[in-house]
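Please examine the sequence and the structure shown below.

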Amino acid sequence: MSAELWNSAAVVLETNWSGDHMVPSRRLYPHQWSWDTAFIAIGLAYVNPGRAWRDLRSLFEAQWPDGRVPHIVFDPATAEADYFPGPAFWGVPAYGARPANGSTGIVQPPLHAVAAWKVYRRASAHGAACVQEARAELEWLYPRLVAQQDYLTTRRNLGGAGLASIVHPWESGLDNSPAWDAAMAGVPADLSLLTTYRRRDLDVADAAHRPTDRDYSRYVGLVLSYRAESYSDTDLLSRHDFAVECPSFNAILGAAELALAQIAGVLGRTAEAAVHRERAHRITDAIVARLWDPRSRTFHARDLRTGTLSPARCVSGLMPLLLPDLPAEQVEGVLAEARSARFGFPAPSYDRTAADFDTMRYWRGPVWINVNWLLRRGLLVHGLRDEAEELRAAMVRLVHQHGHFEYFHPATGEGLGAPTFSWTAALALDLLADRSVPAYARAA
Ligand code: 9WN
């Protein structure tokens, strides 16, 4: 089984390579996406490390002067009509050496330091020249990764507690998660926007799987609001309808600091390594203080406009397990939540027992491999090896039986969305090859 799965995954990554970057899916997502690049690099490390570094470089070459790493880097060879919202809609001005309309103005979870560290670690398996290349790439990436963290923890520290806020559901990577329902209720849904701007995703995907028109019109409206002030973050809370602290985004932010500590160590920057570890610790404390609900015993998204936690129990609430300093009470709570009838392995994107659990619709029920990969990493970080192995086996079985789909039906395992999806293939390679435990994991 593993050779077959390995080979099919390698074929997907070969097919989706576009010269200097990977596309998540040729038809549905024909540009480069930010957190996809991180997941993809983790898999490319096994079959083509040169491309893993190239892909990360392509993304960071589009980094803004303020440190933000855009959620999409547009491929100038792809027509405006091939993806909505495309380059002209975002209207991003030229910056640095980049031409106008080269990217979007929003971000995605900063998983790239974790990815870069994993690609570096794998380099020794490919020989001395590869190790040398990997070190040079880390040197190039390190200040850029730090600038990304700085942007998120300063300009996006809208709540003032050291966490990064997302200002659009797309920034979470979990677009239509029920975690945003309460906050999105305060965002006007102007359906006429979808007449002015036509959705393109429904031409290539099943409408029953994708976000609804109401949600989509809000997504478009939020971009227009952020775009109106040239994507400035100054006073954003007072003039923008959506600002949320997401447990998954911030857990990744903390995990990135730990990966940066390891990278800084390899680069001989000992003092910086200590600073990164301290920052990870502070992010962990802030997540616990602001996003933990002692009644539900899991983490929830905080709406900064109302100061309330979303009642929804989503897979994003399990992600703080990525942080080794998470206190025992929270580790136990999240583990119990993950093992309960609400989730199970592999975990669906939303509570299976919720009245509005939707087996088909994107982040409102289906199983996604990337968040389960993160959950497995979190289990390993806390020494929960048996659970991590059970989850790993369940993911490998799912992808082997059904293919490298974008997401999966949480009851039948049927593949949904794009059929040859890059991060599913890339993470399948990692799940087959890597049984190691992150260096900063707690003892079992
Ligand atoms: C909007 C590319 C991206 C992923 C996201 C996923 C989906 C886009 C969309 O596809 O988002 O950015 O059009 O739905 O939700 O996680 O990065 O694979």
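## Terms and overall form

The model under discussion is predicted.

The chain contains 18 helices and nine strands. Its radius of gyration is 20 Å, close to the 22 Å that the globule rule gives for 444 residues, so the chain is as compact as a globular protein of that length. Along the principal axes, the C-alpha atoms of the chain fill a box of roughly 55 × 50 × 45 Å.

## The ligand and its surroundings

Where does the ligand sit? Its place is in the largest cavity. The ligand is surrounded by 16 residues, and the closest are Asp36, His71, Gly173, Asp175 and Tyr362.

For tryptophan 35, the side-chain N or O atom is 3.0 Å from an oxygen atom of the ligand, and for arginine 210 the corresponding distance is 3.1 Å. Taken on its own, the ligand has 410 Å² of accessible area, of which the protein covers 99%.

## Details of the backbone

Most peptide bonds are trans, and most residues other than glycine have a negative phi. The following places in the chain may be read against that background.

The peptide bond from phenylalanine 84 to proline 85 is cis, with omega near 0°. Proline 85 belongs to the loop between strand E2 (72-73) and helix H4 (87-90). Phenylalanine 345 and proline 346 are also joined by a cis peptide bond, with omega about -10°. Proline 346 is located in the loop between helix H15 (328-339) and helix H16 (369-381).

Aspartate 235 lies in the loop between helix H11 (213-228) and helix H12 (236-239).

Methods
Residues are numbered from 1 along each chain as its sequence is written. This is a predicted model: local features need pLDDT of at least 70, side-chain atom pairs count only at pLDDT 80 or more; totals for chains, interfaces and linings use all residues. Side-chain values use heavy atoms; hydrogens and water are left out. A residue is near a molecule or strand if one of its heavy atoms lies within 4 Å of it. A polar contact is a pair of N or O atoms within 3.5 Å; within protein, one must be able to donate a hydrogen and the other to accept it, and residues adjacent in sequence count only if both atoms are side-chain atoms. Accessible areas come from the Shrake-Rupley method with a 1.4 Å probe; for residues, only the protein chains shown count as cover. On a 1 Å grid over the protein atoms alone, a cavity is a set of points where a 1.4 Å probe fits but cannot get out, and a pocket is an open set with protein on both sides within 12 Å along at least five of seven lines; lining residues have an atom within 4 Å of a point. A molecule sits in a cavity or pocket if more than half of its atoms lie within 2 Å of its grid points. Helices (H or I, at least four residues) and strands (E, at least two) are DSSP runs, numbered from the N terminus. The radius of gyration is taken over C-alpha atoms; the globule rule is 2.2 Å times the number of residues to the power 0.38.
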